[in-house]
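Please examine the protein shown below before reading the explanation. The text then leads from the whole chain to its individual parts.

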Amino acid sequence: MTLVSIDTDMCRKDGICISACPIGCLTAGPDGFPREVEGSTCIKCGHCVAICPHGALVHNSLPMSDFLPAVRPQTSFAETAALMRNRRSVREFKDSPVPRETMAELLDVARHAPTAKNTMQISFLAIIDPAKARELGEAIARWMLPMPGMERYAGLHAKGEDFVLRDAPSLVLALADADSDWGLTDAGIAISYLELAAAAHGLGTCWGGIVQRALTNNPELARLASVHKNRVVRGALMIGTPKFRYSLVPPRTPAATIWR
Ligand SMILES: Cc1cc2nc3c(=O)[nH]c(=O)nc-3n(C[C@H](O)[C@H](O)[C@H](O)COP(=O)(O)O)c2cc1C
């Protein structure tokens, strides 16, 4: 067997790993132990190992040292829902930069977001130097301001306000290959993970739609941001310490929902 190794002393032949595999790579052998289905294509999601209650399985491409204990969160639904509902698009930040260690912690959560093919086709570009972020924001503003539809931002810009990055000290870009079929979706989910992790850290975030559009359409700006020429920005998030706290959750239009 090349895909997984079974500890036959530990395995209870309960078939949990077999049913957990999303591709059907495992089956019960004549002896009842799981074995690889010949010709199957494993996506290395790690579920077979992670779900086994007996620790009987090792995936030969996924070192056991890379698995984390599945800590049961102590947070209630109400607390989690509050974190998600209280998250706001923050557009007023304190001057303090986001420390590299904090950003690394957030990105480590974001890389655990689901991706369509579990192949991590996205990557992150973290601009944590406030001066570099400012330079990029200013360059984007200069490029965009003459465009139709941008008139509404001219007043803000004239007052010295940064309508692009909102003076955020840092910016994370989620990148994918231009022809990656799920790049946009994977990046969007990763950015959502990132903003919730940031909120739990007491940080404020705002999606950078303007940044994303600018870096996707202007190769020079993409170069200034250090985006590799083969990569495309599929998500952008400004991150910093919020200057103010919101006291209320704004109302939202009810989402049309069909029940069957
Ligand atoms: C994909 C996307 C792009 C966005 N781009 C920007 C942006 O460039 N600048 C900005 O100030 N807000 C941006 N926003 C924030 C939205 O305006 C904001 O989510 C919306 O007004 C609701 O407010 P809330 O996030 O506080 O709930 C973006 C949001 C999303 C989801």
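The structure is a predicted model, in which local features need pLDDT of at least 70 and side-chain atom pairs count only at pLDDT 80 or more, while totals for chains, interfaces and linings use all residues. Residues are numbered from 1 along each chain as its sequence is written, and side-chain values use heavy atoms, with hydrogens and water left out.

The protein contains 9 helices and 8 strands; these are DSSP runs numbered from the N terminus, helices (H or I) having at least four residues and strands (E) at least two. Its C-alpha trace spans about 75 × 45 × 45 Å along the principal axes. The chain is divided into domain 1 (4–66) and domain 2 (86–240), with bounds that come from an automatic or database domain assignment. Taken over C-alpha atoms, the centres of domain 1 and domain 2 are separated by 39 Å.

Of the 260 residues in the protein, 36% are buried. Here buried means under 20% relative accessible area, exposed means over 50%, and partly exposed lies in between (1.4 Å probe, protein chains only). A contact means heavy atoms within 4.5 Å. Among contacts between residues at least 6 apart in sequence, 74% join residues at least 24 apart.

Two packed helices are described by the angle between their axes and the distance between the axes. The axes are lines fitted to C-alpha atoms, for helices over the stretch in contact, and angles run from 0 to 180 degrees between N-to-C directions. Angles under 35 degrees count as roughly parallel, over 145 as roughly antiparallel, 65 to 115 as roughly perpendicular and the rest as oblique.

How are H5 and H8 oriented to each other? Their axes lie 10 Å apart at an angle of about 75°, and the two helices are therefore roughly perpendicular. On the side of H5, the contact is made by Leu 136, Ile 140, Trp 143 and Met 144; on the side of H8, by Ile 210, Val 211, Arg 213, Ala 214, Leu 215 and Asn 217. These residues divide into 8 nonpolar, 1 polar and 1 charged. In this division Ala, Val, Leu, Ile, Met, Phe, Trp, Tyr, Cys and Pro count as nonpolar, Asp, Glu, Lys and Arg as charged, and the others, Gly among them, as polar.

Helix H8 (residues 209–217) has the buried residues Ile 210, Val 211, Gln 212, Ala 214 and Leu 215. They pack against several elements, including helix H6 (151–158), strand E6 (170–177) and helix H7 (183–200).

The second pair is helix H4 (residues 100–110) and H7, which pack at an angle of about 135° with their axes 8 Å apart. H4 is therefore oblique to H7. H4 contributes Leu 106, Leu 107, Val 109 and Ala 110 to the contact, and H7 contributes Ala 190, Tyr 193, Leu 194, Ala 197 and Ala 198. The residues of this contact divide into 9 nonpolar, no polar and no charged.

The loops remain to be considered. Glu 38 lies in the loop between strand E3 (34–36) and helix H2 (47–51). Is Glu 38 buried or exposed? Its relative accessible area is 80%, so Glu 38 is exposed. Asp 167, in the loop between H6 and E6, has a positive phi near 60° although Asp 167 is a residue other than glycine. Because its relative accessibility is 48%, Asp 167 counts as partly exposed.
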